There are 2 protein chains.
Amino acid sequence: VLQIQRGRIIDRIRAVYERFGFDPLETPGIERTSVLTGGNADLDKLLYRSFPARGGRWPRREPDQSVSLRFDLTVPLARVVAASPELPKPFKRYQVGNVWRGEKPQLGRFREFLQFDADIVGSSSTLADAEMIQIMDTVMRELGFTAFTIRVNDRKVLSALAVKGGFDDPPERVNDVIRVLDKIDGIGREAVLEELGRPVDPKTGGAGLDGAQVELIGRYLAIDGEPEDVVGALEALLGDVPIGREGVDELRAIASHLAAAGVDRATWRIDPTIARGLDYYTGPVWETVLDDAREIGSVYSGGRYDGLVGRFMTNAVVPCTGTSVGVDRLFAGMELLGMLESPAGTVSQVLVFNLSREMSADYLALAADLRAANVRTAIYMGDDTTFKAQLAYAARLGVPVAVIYGPDERGRGTVQVKDMRAREQVEVPLGECVERVVRVLSKEIESGT
Amino acid sequence: VLQIQRGRIIDRIRAVYERFGFDPLETPGIERTSVLTGGNADLDKLLYRSFPARGGRWPRREPDQSVSLRFDLTVPLARVVAASPELPKPFKRYQVGNVWRGEKPQLGRFREFLQFDADIVGSSSTLADAEMIQIMDTVMRELGFTAFTIRVNDRKVLSALAVKGGFDDPPERVNDVIRVLDKIDGIGREAVLEELGRPVDPKTGGAGLDGAQVELIGRYLAIDGEPEDVVGALEALLGDVPIGREGVDELRAIASHLAAAGVDRATWRIDPTIARGLDYYTGPVWETVLDDAREIGSVYSGGRYDGLVGRFMTNAVVPCTGTSVGVDRLFAGMELLGMLESPAGTVSQVLVFNLSREMSADYLALAADLRAANVRTAIYMGDDTTFKAQLAYAARLGVPVAVIYGPDERGRGTVQVKDMRAREQVEVPLGECVERVVRVLSKEIESGT
């Protein structure tokens with residue numbers, strides 16, 4: 001039942017992506033482990049690493065020879081882009097597919113889950129980043145969400161903070177800080193500042209910053225307000241660092257594009273606390289929370305990753321930006337918010353009762369006529385040939401119309417068409433069966449069911 | 001480019017499945033290895049066995065604790081059915097998803113490939129088996145295939161052959177014979193008979209039958225003709241074995257149902273040589289070959305598997321039947337047969353040229369208007385702001401309409417709408433842009449492109 005609605009959600013997301021001119025491009029579910037991790041030990045822990053069983057001609061247990069299940073759709077895309085110089089650029093692609101992460105399952109977090117991504121490959125324009133935010137806004141609205149917030153930041157602003165605070169060298173220190181900042185939704189601002197000041201320790205998560213550094217980050221994290229205010233405050237704090245100026249300019253351009261595109265200001269904000277955990281982001285980043293179900297985390301997130309294609313291709317920079325909706329997490333949110341009410345139990349519109357083994361040919365012909373009129377039709381195929389059992393089955397399945405044709409009806413040259421919801425049954429000549437069914441179904445559609 | 005067509009194929013298959021009243025039901029890509037193999041060592045060799053990397057809380061290398069990627073969509077379905085007693089039965093489900101097999105890739109054979117299955121769970125009726133064949137016929141026709149053959153047999157007939165020939169004990173002997181029969185398309189009838197007579201040997205594949213046994217199978221394999229003739233000949237040869245009578249009756253009922261359902265007799269035949277390799281089949285089995293591309297193998301196959309759910313649930317028999325199209329293999333067939341001619345390069349219908357950085361807001365507004373009219377629209381987001389570069393890009397992408405709005409047009413309050421295929425360009429007032437684009441696109445549709 002829920003899967004029918006899940007399928008409809010996927011169809012709607014796809015329609016939005018196509019309306020924005022994105023084309024499908026699929027990549028495999030398995031990749032060389034080294035392609036996926038890029039040497040990142042944290043990612044390594046997340047992966048389902050896979051070997052062929054005995055007898056295979058497959059790479060064996062040597063780590064660099066192993067294959068793993070993808071943990072996202074972005075890294076495999078970058079590999080394919082690097083291997084496909086013939087792709088016209090900019091290339092706008094979408095892909096829906098499962099990804100796997102060996103994490104502990106919890107609310108909104110699954111080991112295998114469906115992502116639906118949109119990416120623009122080969123564009124460094126802030127128009128591309130703004131379009132990602134516009135797409136997220138459009139998808140969320142068309143799925144019926146009214147209370148959600150898209151939080152936008154820029155990795156360059158974070159880099160400028162690191163430069164200004166003097167924790168930009170070695171580069172791993174920035175990542176230590178970002179890892180701590182990433183916890184802000186879970187543990188809050190004060191705990192983050194406290195943790196930043198603790199000695200570096202993989203277990204407790206300290207970042208080893210001194211008092212002045214922590215104080216700078218505290219001022220940074222306090223920045224809040226309307227986009228122009230936040231941009232102004234960031235400019236005042238970090239505008240004297242060249243990379244900070246770049247980041248501020250990008251955020252300002254995105255705000256301007258979103259206004260021109262007609263995106264409602266209420267649904268997005270610049271939030272300096274957003275970092276996004278993945279290390280491949282280089283510019284604007286974003287995530288989306290459901291205002292009334294924040295506990296399930298971000299349902300739609302992404303950012304710019306200008307360096308990722310370069311990991312697989314020397315001497316070339318292919319700037320990219322993309323966004324990814326976690327379909328299962330979004331769906332969990334819709335369930336939690338009661339947005340999935342009164343679902344249809346089946347895609348079938350008609351169940352043709354099967355009341356006599358001798359009449360199989362009649363049922364097959366009836367079903368063929370209905371399907372020829374594009375009516376989704378099933379014939380009852382269970383063992384119980386009684387009317388009562390099949391009526392109970394039709395009700396359980398939730399099919400809107402039952403077509404009943406037994407030996408009596410055959411004798412009279414008629415058929416019974418039963419509206420299962422209105423509980424009305426009408427006997428019509430056999431030749432008018434399809435017409436009658438279509439009329440009952442259009443009544444169903446009018447009444448919104 | 002090809003992926004757009006692949007997506008359309010999937011949409012069409014889904015439309016057929018839904019028209020026959022099948023509902024979506026998805027199962028995970030990874031399962032416990034023991035669920036997938038059921039102890040079958042041959043399957044074990046096929047599997048991608050997967051372990052979490054270090055640090056995971058995941059099952060480790062003990063074989064029975066490991067997880068693997070599914071090799072089909074049928075075994076996981078059976079597990080889910082066993083775990084879901086609340087499912088109304090009969091239950092008609094469809095699923096599209098990737099499966100993985102550690103085989104050597106070759107024409108039409110991939111390590112990761114997409115299957116699209118339809119199954120009827122909880123029906124022992126031959127109506128269900130016949131419906132599978134009808135669905136295959138419908139899908140193939142709606143995808144544009146005209147020359148294909150659905151070959152149908154019944155495992156019970158093969159079992160009767162084993163009883164009659166005295167090679168039914170132990171049961172593994174039957175599987176040895178079926179494994180050899182399965183090679184008939186590759187090596188031919190004579191070679192199969194020769195191999196059946198060789199001593200049992202996992203390497204050479206002999207089945208260790210004596211002369212009389214080989215002679216019986218020779219007579220069996222020679223049976224050919226119209227469905228009623230084949231059924232008659234099978235009845236004459238094996239009708240005195242109870243399980244053979246069952247199989248013959250099933251094939252006769254299926255033939256009768258297919259005639260009543262209006263399935264063209266030219267597209268299917270009873271072929272006693274068909275065995276299907278998988279060991280879970282118990283009754284009717286089928287496969288589909290492209291008459292003009294037989295070398296890629298069966299593109300659409302399945303059968304009845306009454307015992308598979310019982311593997312996961314004691315004290316219950318849930319009879320099932322199903323069929324599975326190998327989308328990638330089918331697609332390879334369509335390519336081979338030249339059925340994928342003149343593909344559209346993009347789903348985009350309009351490219352809005354981006355000729356001036358100062359006019360971003362105008363382009364965003366133009367695109368928003370077009371999308372509001374359901375026109376799939378992209379804005380050029382590359383670096384090159386020259387008209388020439390963007391025209392070349394539009395042509396390369398294959399987008400049918402270009403909308404050109406530069407400083408000159410802005411001065412005149414107009415926009416250029418260019419029909420890329422007819423190479424016609426018309427300047428219209430800005431406010432008539434959408435109307436003009438829609439008119440050009442509807443012309444495109446009329447001319448069938």
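Student: Where is Leu308(B) found?
Tutor: Leu308(B) is in the loop between β10 (300–304) and β11 (320–326) of chain B. Keep in mind that this is a predicted model.

Student: Is Leu308(B) buried or exposed?
Tutor: Buried. Its relative accessible area is 3%, and buried means under 20%.

Student: What is Leu308(B) in contact with, leaving aside its neighbours within four places in sequence?
Tutor: Thr74(B), Val75(B), Ala78(B) and Tyr280(B).

Student: And how far apart are Leu308(B) and Ala255(B) in space?
Tutor: They are 25 Å apart, C-alpha to C-alpha. In sequence, 53 residues separate Leu308(B) and Ala255(B).

Student: New topic, sheets. What is the strand order in the open sheet of chain B?
Tutor: The order is β13-β12-β14-β15-β16, five strands with mixed pairing. At the edges are β13 (377–379) and β16 (424–429) of chain B, and each pairs on one side only. On average, neighbouring strands of this sheet are turned by 25 degrees against each other, direction ignored.

Student: How do β12 and β14 of chain B run, parallel or antiparallel?
Tutor: Parallel. Three bridges join β12 (residues 350–352) to β14 (residues 401–404) in chain B. In β14(B), Ala402(B) is the bridge partner of Leu351(B).

Student: And β15 with β16 of chain B, parallel or antiparallel?
Tutor: Antiparallel, with six bridges joining β15 (residues 414–419) of chain B to β16(B). Val415(B) stands opposite Val428(B) there. The hairpin of β15(B) and β16(B) has four residues between the strands. In that hairpin, Arg423(B) takes a positive phi near 55 degrees.

Student: Which helix lies across β12, β13 and β14 of chain B?
Tutor: Helix α14 (residues 360–372) of chain B. Its direction is at about 170 degrees to β13(B).

Student: Now the cores. How many residues has the largest nonpolar core?
Tutor: 110 residues. Those with the most contacts inside this core are Val437(A), Tyr17(B), Leu196(B) and Ile217(B). Helix α5 (residues 126–142) of chain B gives the most to it, with nine residues.

Student: What touches Ile217(B), again leaving aside its neighbours within four places in sequence?
Tutor: Leu161(B), Phe167(B), Val177(B), Leu181(B), Leu193(B), Leu196(B) and Leu209(B) are in contact with Ile217(B). There is also a second, separate core of 109 residues. Ala128(A), Ile178(A), Leu370(B) and Val437(B) are included in that one.

Student: Over to chain A. How many residues of helix α6 (residues 155–165) are buried?
Tutor: Eight of its 11, so α6 of chain A is mostly covered, given that buried means under 20% relative accessible area. Among the buried ones are Arg155(A), Lys156(A) and Leu161(A).

Student: What covers the buried residues of α6(A)?
Tutor: The cover includes β7 (148–154), α7 (171–181) and α10 (211–221) of chain A. It also includes α11 (227–238), α12 (242–260) and β9 (284–290) of chain A.

Student: Which residues make up the ring cluster in chain A?
Tutor: Ring pairs link Tyr17(A), Phe22(A), Tyr94(A) and Phe116(A). Over all chains, the structure holds 17 aromatic pairs.

Technical notes:
Residues are numbered from 1 along each chain as its sequence is written. Chains are lettered from A and ligands numbered from 1 in the order in which they are written. This is a predicted model: local features need pLDDT of at least 70, side-chain atom pairs count only at pLDDT 80 or more; totals for chains, interfaces and linings use all residues. Side-chain values use heavy atoms; hydrogens and water are left out. Rings of Phe, Tyr and Trp (its six-membered ring) pair if their centres lie within 6.5 Å; planes under 30 degrees apart count as stacked, over 60 as edge-to-face and the rest as tilted. A nonpolar core is a set of buried Ala, Val, Leu, Ile, Met, Phe, Trp, Tyr and Cys residues joined through side-chain atoms within 4.5 Å. Buried means under 20% relative accessible area, exposed over 50%, partly exposed in between (1.4 Å probe, protein chains only). Helices (H or I, at least four residues) and strands (E, at least two) are DSSP runs, numbered from the N terminus. Contact means heavy atoms within 4.5 Å. Two strands pair if DSSP finds at least two bridges between them. Axes are lines fitted to C-alpha atoms, for helices over the stretch in contact, and angles run from 0 to 180 degrees between N-to-C directions.
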